[in-house]
Amino acid sequence: MKILIADDHPVVLQGIHSFLDNKKHRVISSCSNGIEAWNNIAGLDPDVAILDHNMPGMNGVEIAAKVRAEHLRTRVILLTMHKEKVLLDKAVATGVMGYLLKDFALDELEQCLDNVANGISYYSKQLTKHITITDGADTSAYMDLLTPAEQKILKVIATQKTSQEIADMLFISVKTVEKHRSNIIRKLDLPHSTSSLAVWAAKNMK
């Protein structure tokens with residue numbers, strides 16, 4: 001797996017690089033700003049890009065948006081100090097597949113990389129302490145509330161697909177996907193936000 005890392009703080013950048021080296025991952029580029037990170041993603045085609053959110057030039061969410069807009073295959077993991085749902089919503093909307101809080105990043109990075117490499121989103125375990133998401137201790141009980149069609153869509157949501165991508169994959173309309181999303185959120189008693197369903201699916205749909 002080819003990995004690009006980007007952070008404008010040299011100590012953090014070196015720390016992540018050393019961690020990945022020790023885990024025998026292949027780091028093909030270390031970048032200190034958003035422009036350099038974007039150029040190297042476009043030019044080097046890494047499998048995964050681990051990006052600090054707050055960087056000069058372009059931030060992590062802006063880079064993720066360009067990756068999606070250009071239909072690149074690189075999967076983005078965002079590192080941030082921010083626990084606010086506003087940023088999480090933006091990250092989910094732009095296709096970020098991993099969201100790690102910096103204070104706990106090295107504790108969770110290996111699991112995050114494993115998930116993302118297999119097309120499964122990962123959100124910091126610490127994040128759920130700061131946003132209201134239904135705990136999935138008994139996932140089967142929640143799944144029993146859903147129709148087979150809703151269960152199928154929920155499994156795809158866990159892989160970080162957009163409504164358009166889900167519609168294309170399942171040969172249904174975007175309007176139908178959005179209706180299913182709304183019904184799932186209501187049945188699972190989740191907050192009505194862009195990120196709540198994506199976080200729940202990533203946490204519970206193993």
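Which residues in helix 7 meet which residues in helix 8? Let us answer that as a way into this structure, keeping in mind that it is a predicted model. On the helix 7 side you will find Lys 152, Ile 153, Val 156 and Ile 157, and their partners in helix 8 are Ile 166, Met 169 and Leu 170. Sorted by class, this contact between helix 7 and helix 8 holds six nonpolar residues, no polar ones and one charged one.

Now step back and look at how these two helices are placed. Helix 7 covers residues 148–157 and helix 8 covers residues 163–170; their axes come within 11 Å and cross at roughly 125°. An angle of 65 to 115 degrees would count as roughly perpendicular and one over 145 as roughly antiparallel, so helix 7 is oblique to helix 8. Their crossing is right-handed.

Stay with helix 8 and follow the chain to helix 9, residues 174–188. Here the axes are 8 Å apart, and the two helices pack at an angle of about 110°. Helix 8 and helix 9 are therefore roughly perpendicular to each other. Helix 8 passes helix 9 in a right-handed crossing. In this pairing, helix 8 brings Ser 163, Gln 164, Ile 166 and Ala 167, which meet Val 174, Val 177, Glu 178 and Arg 181 of helix 9. The classes here are four nonpolar, two polar and two charged residues.

The crossing of helix 2 past helix 3 is right-handed. Gly 34, Ala 37, Trp 38 and Ile 41 make the contact from helix 2, while Ile 63, Lys 66 and Val 67 make it from helix 3. Among these residues, five are nonpolar, one is polar and one is charged.

Finally, how is the chain divided into domains? The domain assignment gives domain 1, spanning 2–134, and domain 2, spanning 137–205. Between the C-alpha centres of domain 1 and domain 2 there are 24 Å. The two domains are in contact, with 18 residues taking part from domain 1 and 19 residues from domain 2. About 1,500 Å² of area is buried between domain 1 and domain 2, and carbon and sulfur atoms give 59% of that area.

Notes: Residues numbered from 1 in each chain as written. Predicted model: local features only at pLDDT ≥ 70, side-chain atom pairs only at ≥ 80, totals over all residues. Heavy atoms only, no water. Axes fitted to C-alpha atoms, helices over the stretch in contact; angles between N-to-C directions. Helix = DSSP H or I, 4+ residues; strand = E, 2+ residues; numbered from the N terminus. Parallel < 35°, antiparallel > 145°, perpendicular 65-115°, else oblique. Left-handed = near helix turned anticlockwise from the far one by under 90°. Contact = heavy atoms within 4.5 Å. Nonpolar A, V, L, I, M, F, W, Y, C, P; charged D, E, K, R; others polar. Domains from an automatic or database assignment. Buried area = accessible area lost by both parts, 1.4 Å probe.
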